[in-house]
Amino acid sequence: MSGRRLHRGIVRILEYLLAPGVCLGCGCDPGGHHSLCASCRELIKRVPNPCGYCGQPNPLTGLICPACRLNPPRWQKIIAPLQYRGLTRDYLLQLKYSEALYLAKSLCQQAIDPFRQNWPRPEVLLPVPLHRARLLERGYNQAGEIAQVLSAELGIPVDRRALTRQRNTPVQSGLSAGQRVANVHQAFAYAPRRDYRHVAVIDDIVTTGSTVTEITGLLHREGVEFVEVWALARAYRR
Ligand SMILES: [Zn+2]
Ligand SMILES: [Zn+2]
């Protein structure tokens, strides 16, 4: 085992040992089985009245917002319950870049209701993949960690190898919407364990949606009929 891996292993064990009994947000005693205290949970805001297609707040009543009626996304449904700002944003950045894997579980706990209430359930969860080189460097895929927690909560299997990233593309953050689309164009391949008809693609956040749009197009071409996009958080349109 390399020194770096061993270090990671120890950090994770410590995280699991230390996390219970201390609020991850402020360090107070959260009470019960919570990993966040009531005041910190208050800071994790949900998207109000989200559109079922884009996940942004819908100014009208009904399932679909005016923008999606004009120009619907490729996927058939989105669930991305939390607003990508404040504490949620801090936690998702820590989950992505600082190996704070215990945060996957805490955030899933805060976001779980709409996933539970969603019916019919997808057959399988497909995490948005990292390129092999980046996975080796980082040691984990945050989308895979989230998929694992949702799988345990909902009893839906994960197929971690169905989607692969063929090109080691630059990270999307910091790119314009147009650059993001070009960046992920034909970046993915699909080789499922078996033919799926109804899947959920799992990511940490949905920003412009270019990654999940690209993946949805690929899945439809490969015969998947119903694609749901599941993320913990949705970034608002600017
Ligand atoms: Zn707290
Ligand atoms: Zn919409």
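The following legends describe several views of a predicted model of one protein chain.

**Figure 1. Overall view of the protein chain.** The predicted chain contains nine helices and seven strands. Its radius of gyration is 18 Å, close to the 18 Å that the globule rule gives for 238 residues, so the chain is as compact as a globular protein of that length. Along the principal axes, the C-alpha atoms fill a box of roughly 50 × 45 × 35 Å. Of the 238 residues, 37% are buried. Among the contacts with a separation of 6 or more, 70% are between residues 24 or more positions apart.

**Figure 2. The largest nonpolar core.** This core has 53 residues. Val199, Val201, Ile202 and Leu232 are the residues with the most contacts inside the core. Several elements give two or more residues to the core, among them the helices H4 (86-97), H5 (102-117) and H7 (142-154). In soluble globular proteins, nonpolar side chains tend to be buried together.

**Figure 3. The surroundings of isoleucine 202.** Ile202 is one of the residues with the most contacts inside the largest nonpolar core. Not counting residues up to four places away in sequence, Ile202 touches Leu125, Leu126, Pro127 and Val128, as well as Ala143, Ile146, Ala147, Leu150 and Trp230.

**Figure 4. The crossing of helices H8 and H9.** The axes of H8 (residues 177-184) and H9 (residues 210-221) come within 9 Å and cross at roughly 35 degrees. The crossing of H8 with H9 is right-handed. On the H8 side, Arg180, Val181 and Val184 take part in the contact, and they meet Ser210, Thr211 and Glu214 in H9. By residue class, this contact between H8 and H9 comprises two nonpolar, two polar and two charged residues.

**Figure 5. Alanine 189 in strand S5.** Ala189 lies in S5 (residues 188-190). Ala189 is partly exposed, because 13 other C-beta atoms lie within 10 Å, whereas a buried residue would need 20 or more. Leaving aside residues up to four places away in sequence, Ala189 touches Thr164 and Gln166. The C-alpha atoms of Ala189 and Arg167 are 9.9 Å apart in space, and the two residues are 22 residues apart in sequence.

Figure 6. Trp119 and Pro120 are joined by a cis peptide bond, with omega about -5 degrees. Pro120 is found in the loop between H5 and S3. Most residues other than glycine have a negative phi, and most peptide bonds are trans.

**Figure 7. Asparagine 49, a residue with positive phi.** Asn49 has a positive phi of about 45 degrees, although it is not a glycine. Asn49 is located in the loop between helix H2 (38-42) and helix H3 (66-70). Asn49 counts as partly exposed because it has 13 C-beta neighbours inside 10 Å.

**Figure 8. Glutamine 186, a residue with positive phi.** Gln186 is not a glycine, yet it has a positive phi of about 55 degrees. The loop between H8 and S5 contains Gln186. With 10 C-beta neighbours inside 10 Å, Gln186 counts as exposed, because the limit for an exposed residue is 12 or fewer.

Notes. Residues numbered from 1 in each chain as written. Chains lettered and ligands numbered in written order. Predicted model: local features only at pLDDT ≥ 70, side-chain atom pairs only at ≥ 80, totals over all residues. Axes fitted to C-alpha atoms, helices over the stretch in contact; angles between N-to-C directions. Helix = DSSP H or I, 4+ residues; strand = E, 2+ residues; numbered from the N terminus. Left-handed = near helix turned anticlockwise from the far one by under 90°. Contact = placed C-beta atoms within 7 Å. Nonpolar A, V, L, I, M, F, W, Y, C, P; charged D, E, K, R; others polar. Core = buried A, V, L, I, M, F, W, Y, C linked by C-beta atoms within 7 Å. Rg over C-alpha atoms; globule rule 2.2 N^0.38 Å.
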